[in-house]
Amino acid sequence: MLSCKHIMTVSDMTTKDITTILDTAESFMEVNERRIKKLPTLRGRTVVNLFLEPSTRTRTSFEIASKRLSADAINFTASSSATVKGESLRDTAKTLSAMACDMVVIRHKYAGAPQMLAECMDAHIVNGGDGMHEHPTQALLDLFTMRRSLGRLEGLRVGIVGDICHSRVAGSLVPALRAVGATPIVIGPPTLMPARPDILGAEVVYALDGVLPTLDVAYMLRVQFERAEAMPIPSNREYAKLYGMNGKRLAAARPEMIVMHPGPMNRGVEISSDVADSPRSVVLDQVNAGVAVRMAVMYLLLGGEDGGVAA
Ligand code: NCD
């Protein structure tokens with residue numbers, strides 16, 4: 001069981017919550033390898049996936065996870081919800097609440113939207129990515145993938161490379177790594193760093209090549225052009241030259257270093273195609289882990305046998 005009712009941010013989860021989720025996900029990995037990938041655990045519970053921002057893998061991953069646990073999954077996207085008719089998020093929340101749904105997974109362009117939802121409904125809320133703030137289940141599946149690939153988390157040096165200032169993935173991954181005793185190192189040009197990188201709780205490095213040979217993991221971020229106010233880099237080509245992962249850089253790294261990416265990838269910008277498809281890339285393992293980790297989150301929040309969280 002978890003100490004929290006919701007999964008809002010990694011920052012407010014305990015290390016025990018994190019390891020409980022990772023350990024529970026291990027058992028769901030086995031279910032996902034069976035021919036019949038379905039458990040009756042959440043039969044009769046209703047999970048609403050409210051995705052008000054574009055998403056492929058996160059939305060599908062939550063949907064598959066809820067279906068594999070036999071919950072009733074209902075999906076709303078921005079264009080299929082009444083928000084296009086001008087309904088406020090508060091009214092959407094009250095409507096869903098009146099329909100007695102048990103869990104809402106929300107992705108929203110505004111930081112804090114999941115919190116707002118939690119304030120006006122009783123359901124368990126899972127943050128599926130809120131603006132530039134956090135994306136906690138992504139960080140959990142990333143930890144899960146690192147632990148499976150490298151056999152441990154404690155002491156790992158994880159370079160998070162690229163658009164630190166607009167990235168909710170980095171926003172969750174930095175505290176998640178710290179919670180499990182790994183060392184996050186944020187790496188990127190000054191134009192893609194937040195105003196005060198020193199308060200992130202990570203080592204801050206502006207050049208990739210110097211630090212590359214010390215890393216156990218190179219975690220490549222997508223440049224969030226849709227969130228940047230102006231062009232934050234001179235060109236994609238220059239960015240790839242200074243911060244992109246490619247065959248040459250891979251050769252300069254530790255032979256056991258793995259390459260990660262949350263997707264969607266911009267091939268040729270933050271990661272070259274040959275690296276993305278190489279055995280050193282665990283991008284598809286991350287996607288695979290995503291389903292098991294989200295099953296674990298749903299199972300632990302909605303409660304298999306005794307109906308809920310400890311708190
Ligand atoms: C990320 C997101 O939406 O924040 N993608 C994801 O959830 N897998 C990263 C991104 O869009 O770059």
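I took helices and strands as DSSP runs, numbered from the N terminus. The model is a predicted one.

**Entry 1: overall build**

I looked up the secondary structure first. The protein has eleven helices and nine strands. Next I checked the radius of gyration. It is 19 Å, close to the 19 Å that the globule rule gives for 311 residues, so the protein is as compact as a globular protein of that length. I then took the span of the C-alpha trace along its principal axes, which is about 55 × 40 × 35 Å.

**Entry 2: burial, surface and contacts**

How many of the 311 residues count as buried? I found 56%. For the surface, I noted that the protein exposes about 13,200 Å². Carbon and sulfur atoms supply 53% of that area.

**Entry 3: the nonpolar cores**

I went to the largest nonpolar core, which holds 63 residues. Which members touch the most others? They are Ile7, Ile21, Phe28, Met146 and Ile160. Helix 11 (residues 283–302) gives this core its largest share, twelve residues.

**Entry 4: around Ile160**

I picked Ile160 and left aside its neighbours within four places in sequence. Ile160 is in contact with Ala170, Leu173, Val174, Leu177, Pro184, Ile185, Val186, Ile187, Tyr219 and Leu221.

Methods:
Residues numbered from 1 in each chain as written. Predicted model: local features only at pLDDT ≥ 70, side-chain atom pairs only at ≥ 80, totals over all residues. Heavy atoms only, no water. Core = buried A, V, L, I, M, F, W, Y, C linked by side-chain atoms within 4.5 Å. Buried < 20%, exposed > 50% of the residue type's maximum accessible area, 1.4 Å probe, protein only. Helix = DSSP H or I, 4+ residues; strand = E, 2+ residues; numbered from the N terminus. Contact = heavy atoms within 4.5 Å. Rg over C-alpha atoms; globule rule 2.2 N^0.38 Å. Areas by Shrake-Rupley, 256 points an atom, 1.4 Å probe, with all protein chains shown as cover.
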